[in-house]
Amino acid sequence: MNDSQWIESYHRDGVIRCRGWFSADQLSEIRAAFERYRSDVAPELPDADYTLESDRTTVRNFWRMNAHDPFFQSLAERPELLELVAPLVQGEPVLMGVESFNKPARVGSPVPPHQDNAYFCQRPPDVLSVWIALDPATEENGAVEYFLGSQHTLLPHKPSGVKGNSFGLADASAADRFPSFLGTVDAGDMLVHHCQTIHQSQPNRSASPRLSLVIVYRAAHTETDNDLQQAYRQALAATPQNA
Ligand SMILES: O=C(O)CCC(=O)C(=O)O
């Protein structure tokens with residue numbers, strides 16, 4: 001696909017898949033940085049900046065990685081990423097954060113159907129996530145499923161009880177109105193989704209990990225909606241991350 005096809009698909013479907021974005025060498029560099037983060041940075045992290053799986057040992061998510069390691073800040077600032085993102089957010093991209101969805105082998109937990117803007121609380125919703133596959137994502141290990149064209153309206157959410165994804169659609173069947181797309185990818189591919197595209201993922205019961213990095217950008221012109229933010233904070237308080 002060329003740039004204008006990506007822009008058109010993104011605005012129509014709320015998600016695009018970019019194959020082969022990172023070369024094998026770039027991917028090795030990112031993986032090495034991630035492993036260094038896991039071994040050297042993670043032991044010093046505050047509680048709010050990671051979420052464990054139910055085995056209380058394996059990490060499900062790292063949050064705000066860019067605040068703890070300059071590698072991830074500079075990854076998010078790469079010009080080729082900013083050039084892709086700017087026409088999609090319809091403005092100047094501003095980094096909101098770099099996080100990981102580790103979906104480890106056998107213990108990786110599901111992600112309930114949700115729209116990210118219930119967490120991000122931005123108006124207008126010119127915000128997106130770049131989901132970078134560091135492992136292949138397949139039906140077996142919990143590739144993300146997106147609901148095409150669902151980005152136009154922010155639907156009601158309620159506390160989900162899932163650590164790391166404390167907010168889910170109040171009515172999960174609302175997703176069924178939209179065609180579904182399973183974002184299977186190879187390592188080095190990316191998926192880019194709008195902050196109101198409904199998405200979810202299944203548990204990973206396979207022997208293959210499904211590690212991903214997620215970079216969230218908003219446009220410089222977005223503002224926080226205080227009512228939305230209050231609802232999100234209540235959901236977060238109802239589901240402490242590592243209690
Ligand atoms: O990686 C996953 O399974 C879910 C990712 C997600 O919810 C997100 O990127 O907003």
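How many of the 243 residues of the protein chain count as buried? The share is 40%, where buried takes 20 or more other C-beta atoms within 10 Å of a residue's own, exposed takes 12 or fewer, partly exposed is in between, and C-beta atoms are placed from the backbone.

Before you click on, some housekeeping. This is a predicted model, where local features need pLDDT of at least 70, side-chain atom pairs count only at pLDDT 80 or more, and totals for chains, interfaces and linings use all residues. Residues are numbered from 1 along each chain as its sequence is written.

Colour by secondary structure next: the protein chain has seven helices and 15 strands. These are DSSP runs numbered from the N terminus, with helices (H or I) of at least four residues and strands (E) of at least two.

Now pick out the open sheet of seven strands, ordered S1-S12-S7-S14-S4-S3-S2 with antiparallel pairing; strands pair if DSSP finds at least two bridges between them. At its edges sit strand S1 (15-18) and S2, each pairing on one side only.

Zoom in on strand S4 (residues 93-101) and strand S14 (residues 212-219), which run antiparallel and are joined by eight bridges. Select leucine 95, and you'll find its bridge partner in S14, tyrosine 217.

Last stop: aspartate 47, in the loop between helix H2 (24-41) and strand S2 (50-52). Is aspartate 47 buried or exposed? It counts as exposed because it has 11 C-beta neighbours inside 10 Å.
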